[in-house]
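Please keep the sequence and the model in view while reading.

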Amino acid sequence: MEFRLWIGLWSAFFCLVLVATDASFLVKYFTRFTEEGFSCLISFIFIYDAFKKMIKLAHHYPINSEYNMENITQYECLCMAPSILENESELIDDPVEDPSMWYLNYTGLAQNQSWSRLTKSECLMYKGELVGKACNYVPDITLMSFILFFGTYTTSMCLKKFKTSPFFPTTVRKLISDFAIILAILIFCGVDVFVGVDTPKLIVPSEFKPTSPNRGWFVPPFGGNPWWVYLASGLPALLVTILIFMDQQITAVIVNRKEHKLKKGAGYHLDLFWVAVLMVVCSFMGLPWYVAATVISIAHIDSLKMETETSAPGEQPKFLGVREQRVTGVLVFILTGLSVFMSPILKFIPMPVLYGVFLYMGVASLNGVQFMDRLKLLLMPAKHQPDLVYLRHVPLRKVHLFTFVQILCLALLWILKSTVAAIIFPVMILALVAVRKAMDCMFSQHDLSFLDDVIPEKDKKKKEDEKKKKCGSMDSDTED
């Protein structure tokens with residue numbers, strides 16, 4: 001913990017140096033290629049971890065796929081006395097001659113207790129053996145968990161899209177859409193209670209205190225390591241700083257895209273300054289370091305979007321902008337802090353429901369990402385391809401080559417993250433900028449202006465259509 005504290009202090013110092021030297025100007029090198037590579041990686045991690053946790057749960061509560069109704073009378077599970085002794089000197093008599101006489105106080109089981117009447121936990125506590133075909137299978141829990149998992153995800157997606165539904169007034173549709181996730185959680189918590197299957201629940205502490213009993217609220221900075229460790233911790237701190245800088249700045253760039261129509265100025269340096277200050281506090285208290293959290297930030301900006309309240313049949317609402325305020329951000333983190341006092345309620349939330357929320361957040365943050373649209377083009381015949389502006393000006397093979405380079409970079413980052421070389425992962429994130437710069441040799445600036453431009457797709461397409469329409473009208477006038 002002391003070593004981690006010094007890494008955090010060095011990282012905070014490096015971040016303050018970046019703030020003082022106006023290093024946030026480097027975001028001009030973060031093009032759509034870098035943004036999408038980083039945000040897609042974070043989204044894929046959310047999706048992968050959700051499925052990974054569910055598969056791990058299925059291994060913990062396995063399903064008996066060989067179950068046969070004809071053999072139902074053979075399925076049982078009994079607790080038997082241990083047949084192999086660790087210390088034969090504790091034997092009273094030969095168990096073959098007298099099975100009732102085993103050994104003295106070896107298991108701690110009372111003399112008047114019967115092994116067959118013990119529960120599973122009691123049987124294992126007294127070192128007994130579980131014998132029978134039904135001992136290792138708990139099918140209901142796994143099946144119910146997957147129902148909760150996919151049910152939460154599907155319901156969240158459907159309720160989020162409910163604002164475009166033809167049913168109910170606009171206010172009701174918008175209210176349901178805004179609270180889609182919390183409604184999905186409440187619905188499937190109710191399903192879990194109604195069915196009554198003992199699915200794994202969220203583990204929350206019973207009291208408010210540090211997780212480890214071996215430390216207090218604050219980590220002491222000195223005394224646990226040699227003096228040179230305080231200087232050596234600057235090296236891993238440099239890698240942490242790169243990762244935090246990339247996470248913070250790329251998230252800020254995504255949030256401040258032109259398509260969001262934000263009016264207030266961006267505070268790149270101010271945000272990084274507060275990240276540095278909070279890193280010092282979190283390091284001293286042993287808390288997780290504070291970052292922008294790309295997926296959560298994108299979800300937040302999506303929830304604040306304003307659209308026209310149209311009443312014409314079949315007319316789609318138009319995006320007006322984002323409600324720029326600090327109320328929701330402050331309230332979200334106040335409620336997050338207060339959630340530590342909600343453990344009596346939170347402990348009833350099934351873990352599969354939360355994994356379903358993770359899956360939803362990972363998938364939802366991929367919406368509108370040009371990389372995902374180009375991935376679909378790989379499997380789509382030319383006659384079914386949508387009218388995208390970059391397909392009008394860039395050859396399809398160039399579009400596929402650009403997509404292939406992004407896939408290769410994401411694959412390398414994923415492999416690196418999953419191996420022992422993950423410590424240099426932040427440097428490889430930074431290498432995305434260098435890869436994008438090298439792509440100037442593979443693609444013309446004309447192609448890159450359409451494939452890697454930050455101008456929103458719909459705005460570019462709209463301007464081009466207007467230009468064509470204007471040129472068409474001028475040509476007709478000339479002919480007349």
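The model is a predicted one, in which local features need pLDDT of at least 70, side-chain atom pairs count only at pLDDT 80 or more, and totals for chains, interfaces and linings use all residues. Residues are numbered from 1 along each chain as its sequence is written, and side-chain values use heavy atoms, with hydrogens and water left out.

**The chain as a whole**

The secondary structure of the protein chain consists of 19 helices and four strands; helices (H or I, at least four residues) and strands (E, at least two) are DSSP runs, numbered from the N terminus. Of its 480 residues, 35% count as buried, where buried means under 20% relative accessible area, exposed over 50%, and partly exposed in between (1.4 Å probe, protein chains only). Among the contacts (heavy atoms within 4.5 Å) with a separation of 6 or more, 76% join residues 24 or more positions apart. The accessible surface comes to about 29,500 Å², and 66% of it belongs to carbon and sulfur atoms; these areas come from the Shrake-Rupley method with a 1.4 Å probe, and for residues only the protein chains shown count as cover.

**Annotated regions**

An unreviewed UniProt entry lists several spans as "transmembrane region", among them residues 227-246, 327-346 and 353-372. Such annotations may be inferred rather than shown by experiment, their positions are given in the numbering used here, and feature names are shortened. In the model, residues 227-246 are 95% helix and 0% strand, with end C-alpha atoms 31 Å apart. Residues 353-372 are 75% helix and 0% strand, and their end C-alpha atoms lie 26 Å apart.

**The nonpolar core**

A nonpolar core is a set of buried Ala, Val, Leu, Ile, Met, Phe, Trp, Tyr and Cys residues joined through side-chain atoms within 4.5 Å. The largest one has 78 residues, and those touching the most other members include Phe30, Leu359 and Ile429. Helix 13 (residues 351-364) gives the most to this core, with ten residues. Beyond its neighbours within four places in sequence, Leu359 contacts Ile47, Ala50, Phe51, Phe149 and Tyr153.

**A nonpolar surface patch**

Residues including Phe208, Trp217, Ile334 and Phe341 form a nonpolar surface patch of about 1,100 Å². Patches are made of residues with over 30% relative accessible area and no salt bridge; like charges are joined within 9 Å, and nonpolar side chains (Val, Leu, Ile, Met, Phe, Trp, Tyr) within 5 Å. Ile334 is placed in helix 11 (residues 327-338) and is partly exposed, because its relative accessible area is 45%. Ser343, in helix 12 (residues 343-346), is buried at 13%. Leaving aside neighbours within four places in sequence, Ser343 contacts Val204 and Pro205.

**Salt bridges**

The structure holds two salt bridges, each being a side-chain nitrogen of Lys or Arg within 4 Å of a carboxyl oxygen of Asp or Glu.

| Salt bridge | N to O distance |
|---|---|
| Asp178 and Lys174 | 3.4 Å |
| Asp192 and Lys201 | 3.3 Å |

Asp178 and Lys174 both lie in helix 5 (residues 170-178), four residues apart, or about one turn of the helix. Asp178 is partly exposed at 38% relative accessible area, and Lys174 is partly exposed at 29%. In the other pair, Asp192 is buried at 4% relative accessibility, whereas Lys201 is partly exposed at 26%.
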